[in-house]
Amino acid sequence: MSGPTAISGRSPRTTANVRRRRALPSALGTRVLVVEDELPIRQLLRRGLEAHGHQVFEAADTAGGIAQCAECDPDLVILDLGLPDRDGRELIAEVRVWSRVPILVLSGRAAASEKVSALDLGGSDYVVKPFHMQELLARVRALLRDRPRPREDAAVHRVGALELDVARHRVRLAGSAVKLSRKEFELLRVLMMHAGRVVTHKQLLGEIWGRGHENDVQYLRVYVAQLRHKLGDDPDRPRFIANEQGVGYRFIEADAG
Ligand code: CA
């Protein structure tokens with residue numbers, strides 16, 4: 001045995017905290033939402049996905065699937081099209097308004113026109129039932145490999161004219177410093193980190209104010225209003241922070257051009 005190493009001595013509690021904060025990346029622990037009305041298929045998918053280290057969430061209809069997309073912020077969605085309330089394609093159209101999460105369609109509809117329609121709406125891949133679990137899992141891996149990465153570890157977040165330097169605790173707007181309180185800075189950091197995606201009220205409150213404050217939406221309103229004011233952002237025509245009514249907030253991604 002070798003002697004003590006440089007990485008020893010870290011308390012289990014510290015390790016757990018670090019792990020909790022970096023919830024997202026790598027194959028292990030990725031969040032997969034299964035939207036499927038047939039219970040046996042949901043169960044089959046859950047078993048296969050969990051065996052490969054994925055965390056599985058379920059919904060049995062389109063409305064539930066859309067709600068879960070916002071609530072559990074999945075890394076990937078597996079979507080049936082023939083659902084009891086609304087066609088699964090409506091989930092693709094709706095979720096694509098605010099999220100780039102990979103959506104793998106798993107449907108009994110084998111016609112080329114069905115595939116074209118689902119992919120044109122923003123579906124990422126299409127697998128026809130009956131399916132082979134190994135093939136499905138391989139496609140899940142491929143989509144997770146290619147998905148847009150959360151810019152979690154970046155020391156500097158830049159979106160348009162706004163720059164947030166995590167290490168220096170500094171925010172600049174078009175080159176000029178913006179003075180933010182600690183909570184305002186944290187709020188902006190979390191929103192920018194997930195730019196283009198909706199961050200729910202619950203996630204923001206849990207991350208910034210901690211456990212037990214997940215329902216204090218009024219805190220959030222106050223801080224978002226202050227933050228918008230300091231960034232010169234108009235809530236009616238937002239440039240940075242968009243309100244997703246009843247769900248949360250989304251940092252608006254700058255256009256590529
Ligand atoms: Ca079905």
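User: In this predicted model, in which sense do strand β4 (residues 103-107) and strand β5 (residues 125-128) pair, and over how many bridges?

Analyst: Strands β4 and β5 pair in the parallel sense, over four bridges, and within this pairing L104 stands opposite D125 in β5.

User: How should I read the largest nonpolar core, and which residues touch the most other members?

Analyst: In soluble globular proteins, nonpolar side chains tend to be buried together. Here the largest nonpolar core has 47 residues, among which V77, I78, L79 and L104 touch the most other members, while helix α7 (residues 182-193) supplies the largest share, five residues. Because domain 1 (6-146) and domain 2 (156-251) both give residues to this core, it lies between them.

User: Which residues does L79 touch, leaving aside those up to four places away in sequence?

Analyst: With that exclusion, L79 touches V35, G65, G88 and L91, and also I103, L104, V105 and L106.

User: Where is F131 found, and is F131 buried or partly exposed?

Analyst: F131 is found in the loop between β5 and α6 (133-146). A residue counts as buried if 20 or more other C-beta atoms lie within 10 Å of its own, and as exposed if 12 or fewer do; F131 has 16 within 10 Å, and is therefore partly exposed. Not counting residues up to four places away in sequence, F131 touches L106 and L136, and its C-alpha atom is separated by 9.3 Å from that of S107, which is 24 residues apart from F131 along the chain.

How values were computed: Residues are numbered from 1 along each chain as its sequence is written. This is a predicted model: local features need pLDDT of at least 70, side-chain atom pairs count only at pLDDT 80 or more; totals for chains, interfaces and linings use all residues. A nonpolar core is a set of buried Ala, Val, Leu, Ile, Met, Phe, Trp, Tyr and Cys residues joined through C-beta atoms within 7 Å. Helices (H or I, at least four residues) and strands (E, at least two) are DSSP runs, numbered from the N terminus. Domain bounds come from an automatic or database domain assignment. Two residues are in contact if their C-beta atoms, placed from the backbone, lie within 7 Å. Two strands pair if DSSP finds at least two bridges between them.
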